[in-house]
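Welcome, and please open the structure in your viewer. We will go from stop to stop, with something to select at each one.

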Amino acid sequence: MSQKVAVLGTGKIGEALLSGMIRAGWAPADLLVTARRPERAEELRTRYGVTPVSNTEAAKTADTLILTVKPQDMGTLLDELAPHVPADRLVISGAAGIPTSFFEERLTAGTPVVRVMTNTPALVDEAMSVISAGSHATEQHLAHAEEIFGGVGKTLRVPESQQDACTALSGSGPAYFFYLVEAMTDAGILLGLPRDKAHDLIVQSAIGAAVMLRDSGEHPVKLRENVTSPAGTTINAIRELENHGVRAALIAALEAARDRSRELASGKKD
């Protein structure tokens, strides 16, 4: 872990990654950060002991560049970086929808690029980070990306052709669960519970269900059936979910997220 790593555009996800790397054993002296606002850069220095630098300085001095700016800002950032990034730098992109070819066309020929889609549970070291290699990235580059993102959760390698689907499932996935918890909390209030008690009931149920899904090895259908007794409360609720097309709505929602990821890749912003 003696290589220098720079996180460019250190927002919430970038900061989560930074803090996770430090907890995993990276020395703050080996970590560089860039931020749009000077006060944000100073905040990161004070909080983590890392070194704020300019984007061009990061490109010149870091062995690995992790680009965490928004997709619509990536082209501008690459225009700034391109003259200063030699072909032996590893570039890791965390931007939704942008293929590795976008970076390879704008950087020095042969520059290795790895595409990573992580998600906001990185803030609590429970991220799902999906990793794909560009045309010049080697096994060593992929392993290095796994080492970095493994500090904030689980990693999974997929072909880049599957990245848009992964963005829909896990990149945006936490928002779907938050949306469901929000709706269930409202239902709890409608049924006569105080908001705080409804929230606690739902959150702990969600945590317990997630652990069972992760650790039991059972198919989710089997786990659901274990809760669903004949003519009971659960089957009546499931019937209403099916009557209202919740399953179909989820499939349509994920297809919409995948399609938007593809639009971002094509440069469409609106």
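**A loop to start with**

Select A231, which sits in the loop between α10 (220–227) and α11 (233–243). This is a predicted model, so please read every stop with that in mind. A231 has a positive phi of about 60 degrees, although it is not a glycine. Is A231 buried or exposed? A231 counts as exposed, because its relative accessibility is 76% and the cut-off for exposed is over 50%.

Next, select D125, in the loop between β6 and β7. D125 is another residue other than glycine with a positive phi, here near 60 degrees. With a relative accessible area of 29%, D125 is partly exposed.

**The whole chain**

The C-alpha atoms fill a box of roughly 65 × 40 × 35 Å along the principal axes. Of the 270 residues, 37% are buried. The chain exposes about 14,900 Å², and carbon and sulfur atoms supply 58% of that area. Colour by charge, and you will have 27 positive and 33 negative side chains, with the centres of the two sets 2 Å apart.

**Into the core**

In soluble globular proteins, nonpolar side chains tend to be buried together. Here, the largest nonpolar core has 26 residues. Select L18, I66, I92, V114 and I148, the residues with the most contacts inside this core. Which elements give two or more residues to it? They are the strands β1 (5–8), β2 (31–34), β5 (90–93), β6 (113–117) and β7 (127–133), together with the helices α1 (12–23), α2 (38–48) and α6 (139–149).

Stay on L18 for a moment. Leaving aside residues up to four places away in sequence, L18 touches V7, L31, V33, L44, Y48 and V50. A second, separate core has 22 residues, including L65, V69, V85 and V91.

**A buried histidine**

Move on to H144, in helix α6. H144 counts as buried because its relative accessibility is 13%, and the cut-off for buried is under 20%. Show its contacts, again without residues up to four places away in sequence, and you will find Q3, V5, W26, T64 and L90.

**Last stop: an annotated span**

Finally, select residues 160–264. An unreviewed UniProt entry annotates this span as "domain: Pyrroline-5-carboxylate reductase dimerisation". In the model, residues 160–264 are 82% helix and 0% strand, and the end C-alpha atoms of the span lie 15 Å apart.

Technical notes:
Residues are numbered from 1 along each chain as its sequence is written. This is a predicted model: local features need pLDDT of at least 70, side-chain atom pairs count only at pLDDT 80 or more; totals for chains, interfaces and linings use all residues. Side-chain values use heavy atoms; hydrogens and water are left out. UniProt positions are given in the numbering used here, feature names are shortened, and annotations may be inferred rather than shown by experiment. Helices (H or I, at least four residues) and strands (E, at least two) are DSSP runs, numbered from the N terminus. A nonpolar core is a set of buried Ala, Val, Leu, Ile, Met, Phe, Trp, Tyr and Cys residues joined through side-chain atoms within 4.5 Å. Buried means under 20% relative accessible area, exposed over 50%, partly exposed in between (1.4 Å probe, protein chains only). Contact means heavy atoms within 4.5 Å. Accessible areas come from the Shrake-Rupley method with a 1.4 Å probe; for residues, only the protein chains shown count as cover. Lys and Arg count as positive and Asp and Glu as negative; His and the chain ends are not counted. The place of a charge is taken as NZ of Lys, CZ of Arg, CG of Asp or CD of Glu.
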